[in-house]
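Please look at the model shown here and follow the contacts between its side chains. The notes after it are grouped by topic, so that each can be checked against the picture.

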Amino acid sequence: MRRLLASSIASSVGVACATALALPLTAPAAAATASPATSRAGSVPAAARYDLPGSTRSLPLRPLGPRARDRAIGSPSAGELGLNRRDVRHFSMVGVVWDNPNTELHGRVQVRTRATGSRAWSGWQSLETHNDDAADPGTAERMSGRVRGSTAPLWVGDSDGVEVRVRAEGGTRTKASAPATRAVSPASALPSGLRLELVDPGGDGEGDGEAGAAPHGMSADTSSTGALGAESAETLAASAANAGLAPLGATEIPALGRAATERELRSLGDSELTSSQRAKPYIGPRPRIITRRGWGADEKLREKGFVYTKKVKVAFVHHTSSGNGYSCSQAASVIRGIYRYHVKSMGWRDIGYNFLVDKCGNIYEGRAGGVAKAVLGAHTLGFNGNSMGVAVLGSFGSHKPPAAALRAISRLTAWKLGLYGANPRGKAYLKSGGGNLYRKGKNVRLNVISGHRDGFATACPGTQLYRKLGTARSTAARYQGR
């Protein structure tokens, strides 16, 4: 399993399309054998049709004028920037970024927006300022020179007007994971280079489908393969990384029943599995996964090639802090927005999470490189090596996570952790790459299914979701047959 799935050379920077096609996990027939007993969160998507390209607009923040200050909470402050109400091009997601990724924004960031075609403005909404999903310190992705500090992105829906205010509260300071030689900012200051990011995820218009409908931009029929046509090398490589699980150009990887999943596991060479694993494999049935092509990823945005770690020992659960005001038919748009924000606004090589889950329980492929492989993500600063990140679309500090999303987490982790022999109810050691909870080099004992906050001091994945992780561990273990 380690040989074919993990691609254990952590420093690998690319996989050619032809190479990926030459490394199937099983015969194609096995991939096509879906289990009718496996529940489906939504309709099977056909070839995605995304006719409108996405875009990102960056607007520098300025000292607020008297009118905006009058509306702000409390008295005016030297540490107060923003934008007065203005008309802008179409966007659906908003965030704020700044120059130094090692500087925290200690303050309040609020936006309000105007729905396209309407004169009505929303109320003020707060952005999560402690956005701690990130590549590990010292890695090529972190040291690229393109990475910026940022708030979490907020989904606001189809909008063409915006107003923003940012006010310091208690000053900024250097993050605990940053070099100790960096200076601490004055108490009244905000990070330098603050700017508003307006993200249009692109597509063919906003969907308003009911829960469980096919994801935005997809037709609900029985086809699972889209014609690739004259696609880019990046698009072909991203699809080929899932060779053996689904045909080239597929918009989804179909679910498998338990027997087919176990056959897939046993198809590896004798050296890969112990005798006990061959006799009694502990792995959950493979769930249905919507591919990057299925949610409309523009593969030209990300860096070329893929980067792998050695194995998957721990699954970190996150929320996206992007709000809960999306329909399931809009989930693909939300993911495209997060992808564009992570790459274009924050400077990462690709979307940070390995998988994403929507409120209807649909599972989506995240960072490119193959859903069965140990793809190195940027989701839990200090612990991205030998782990994977699963993000539930939404905010769960006070909102309870949907039961469908929790089932999807359990199904996904039972399968993916099973590929690497991990027990969802067990513990595993990961070596810290440096963060605000554990020093670099420390071996940390973690739950095999952990929350983001277990590896980094953060509110993620939200109290309500974090409380459900014990149930997710038990359910995933049951799916594995433990």
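The structure, which is a predicted model, holds one disulfide. A search of the whole structure also finds three aromatic pairs.

**The disulfide**

- Cys328 and Cys360 are joined by a disulfide, with an S to S distance of 2.0 Å, and this link is right-handed, with 95° about the S-S bond.
- Cys328 lies in the loop between β11 (314–319) and α9 (331–345), while Cys360 lies in the loop between β12 (355–357) and β13 (363–365), so the pair ties together parts that are 32 residues apart in sequence.

**The aromatic cluster**

- Phe316, Phe383 and Tyr438 form one aromatic cluster.
- The ring centres of Phe316 and Phe383 are 6.3 Å apart and their planes stand at 45°, so this pair is tilted; it links strand β11, which holds Phe316, to the loop between β13 and β14 (387–392), which holds Phe383, 67 residues apart.
- Phe383 and Tyr438 form an edge-to-face pair, at 6.0 Å centre to centre and with 85° between the planes.
- Because Phe383 lies in the loop between β13 and β14 and Tyr438 in the loop between β15 (427–431) and β16 (443–447), the pair ties together parts that are 55 residues apart in sequence.
- Phe383 is buried, with a relative accessible area of 2%, whereas Tyr438, at 24% relative accessibility, counts as partly exposed.

**Charges over rings**

- Arg292 lies over the face of Tyr339, at 5.1 Å from the ring centre.
- Arg478 lies over the face of Tyr479, at 5.3 Å from the ring centre.

Conventions. Residues are numbered from 1 along each chain as its sequence is written. This is a predicted model: local features need pLDDT of at least 70, side-chain atom pairs count only at pLDDT 80 or more; totals for chains, interfaces and linings use all residues. Side-chain values use heavy atoms; hydrogens and water are left out. A disulfide is a pair of cysteine sulfur atoms within 2.5 Å. Helices (H or I, at least four residues) and strands (E, at least two) are DSSP runs, numbered from the N terminus. Rings of Phe, Tyr and Trp (its six-membered ring) pair if their centres lie within 6.5 Å; planes under 30 degrees apart count as stacked, over 60 as edge-to-face and the rest as tilted. Buried means under 20% relative accessible area, exposed over 50%, partly exposed in between (1.4 Å probe, protein chains only). A charge sits over a ring if NZ of Lys or CZ of Arg is within 6 Å of the ring centre and within 35 degrees of the ring normal.
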